[in-house]
Amino acid sequence: MSQGEVDFEKWLPTGGFEGGRIHLEIHLEICQAHVPEHILQRAEEVGFVEPTDVQREALPTLLSGRDCILHAQTGSGKTLAYLLLIFSVINVQRSVVQALIVVPTRELGIQVAKVARMLAAKVDLELEGKTCTVMALLDGGILKRQKSWLKAEPPTIVVATIGSLCQMLEKHLIKLETMKVLVIDEVDFMFNSSKEVSSLRKLLTKYSSVNSRQTILASASIPQHRRFLYDCIQQKWTKSDVVHVHVNPVNPMPSRLHHRFMICGKNERLQTLLYLLETDEPKSGIIFVGEQSEKSKRAGHEPSSTLVINYLIASYNKCSEIRLLEEDMNFNSRAASLSEIRQGGSYLLVATDIAARGVDLPETTHIYNFDLPRSAVDYLHRSGRTGRKPFSDEKCTVTSMITAEERFALQKFENELMFQCEELDNVD
Ligand SMILES: Nc1ncnc2c1ncn2[C@@H]1O[C@H](COP(=O)(O)OP(=O)(O)OP(=O)(O)O)[C@@H](O)[C@H]1O
């Protein structure tokens with residue numbers, strides 16, 4: 001196989017007529033693609049042997065150069081789909097930034113940059129030439145150092161949060177004109193965020209005047225997606241032949257998640273959580289808590305996060321790694337929490353919705369909603385922090401602790417996302 005051709009044999013399910021048919025369909029459409037051989041080899045080495053559904057469906061479109069709205073379940077592998085596209089278009093010999101991935105949180109940015117670097121790494125020392133470099137330009141980073149890096153030897157790929165990115169754009173240290181691909185990950189979240197939306201709109205509008213551009217907008221949830229698609233075309237944020245790749249449109253929720261709820265009073269939730277943990281004995285789990293309201297802060301109440309973590313450290317002894325992740329922590333402590341639990345072994349992470357988007361902790365088998373999420377979309381993304389091994393049929397559970405009054409809200413989420421929740425008998 002010549003350099004630059006895609007060896008999709010590696011990506012195919014083995015054997016059978018089905019496999020042969022898929023091979024033909026994919027091969028015909030993507031044979032013009034140019035994902036370098038060493039990247040595909042690395043992908044295989046790190047365990048990406050078969051394409052997931054979204055990768056199989058989206059790659060022909062992505063590699064054809066068309067703009068794409070990548071709309072597929074949580075944990076379905078959207079990151080690898082857009083990274084392969086990026087590796088197919090960049091030219092590492094050129095010293096300019098050629099691909100930009102915009103993410104909502106520092107945590108997601110670190111994770112995406114890590115996957116990109118892992119794929120770009122040339123483990124075969126005989127491979128010659130420059131390597132692709134990846135910069136994580138994220139809120140909380142050292143901008144001075146990144147400015148020097150951008151001036152001295154621009155990286156090929158930049159993964160950025162919008163705040164830090166805007167600073168570099170203003171100083172002309174990053175230029176959209178050189179960008180072959182722009183990815184906005186968790187795009188619905190970014191459009192919904194009052195802090196990010198205006199910068200995001202400006203970025204997309206500015207990029208729309210770049211001649212050779214490709215825009216990818218990714219998320220597991222794109223509410224009112226027809227309207228969104230229409231807006232994207234009207235505003236020229238995407239080209240008019242943008243493709244909406246929508247995988248599992250009737251089942252937004254991954255099917256192997258088992259949903260449960262237990263009704264309890266507000267004051268009994270800590271004991272209920274302890275009871276659930278002692279019964280489930282999860283190897284690894286995330287306990288989601290709501291953000292503290294301003295009113296509750298002013299009243300001097302403890303936030304749910306503090307209540308839960310202190311209670312668990314004092315009363316639950318079946319897990320040695322109990323960590324906290326919330327906005328109010330400094331960036332170093334946030335990074336430390338995630339890296340500690342990524343070391344392997346058993347963990348419990350107490351987190352606000354900061355961990356609900358994109359964060360990939362594949363060992364998580366249990367999700368607990370100590371506070372019910374605010375919307376069906378938030379429920380979907382919290383739930384999607386489990387069930388993240390694409391070819392596994394391991395059962396994962398999502399359990400919500402709710403008051404009798406909250407049953408109505410949970411039922412609404414069930415209707416909207418088309419899943420069913422089993423009621424667990426109360427502790428008493
Ligand atoms: N082809 C593949 N084979 C095996 N594992 C894969 C493959 N593609 C992706 N994965 C793994 O699947 C998990 C989920 O992938 P990813 O983080 O890209 O999901 P996502 O679609 O972006 O989800 P979310 O919407 O929650 O952000 C990751 O652990 C990733 O390493």
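Me: How far apart in helix α2 are R42 and E45, counted in helical turns?
Reply: This is a predicted model, so keep that in mind as we go. R42 and E45 sit three residues apart in helix α2, which means that the separation between them is about one helical turn.

Me: And what do the side chains of R42 and E45 form where they meet?
Reply: The structure has 20 salt bridges in total. For R42 and E45, the N to O distance is 3.1 Å. A pair like this counts when a side-chain nitrogen of Lys or Arg is within 4 Å of a carboxyl oxygen of Asp or Glu. What R42 and E45 form is a salt bridge.

Me: At roughly what angle do the axes of α2 and α5 cross?
Reply: Helix α2 covers residues 37-45, and helix α5 covers residues 106-120. Their axes come within 8 Å, and the crossing angle is roughly 115°.

Me: How many of the residues in the contact of α2 with α5 are nonpolar?
Reply: On the α2 side you'll find H38, I39, R42 and A43, which meet M118, L119 and A120 of α5. One residue of this contact is polar and one is charged, while the nonpolar ones number five.

How values were computed: Residues numbered from 1 in each chain as written. Predicted model: local features only at pLDDT ≥ 70, side-chain atom pairs only at ≥ 80, totals over all residues. Heavy atoms only, no water. Axes fitted to C-alpha atoms, helices over the stretch in contact; angles between N-to-C directions. Helix = DSSP H or I, 4+ residues; strand = E, 2+ residues; numbered from the N terminus. Contact = heavy atoms within 4.5 Å. Nonpolar A, V, L, I, M, F, W, Y, C, P; charged D, E, K, R; others polar.
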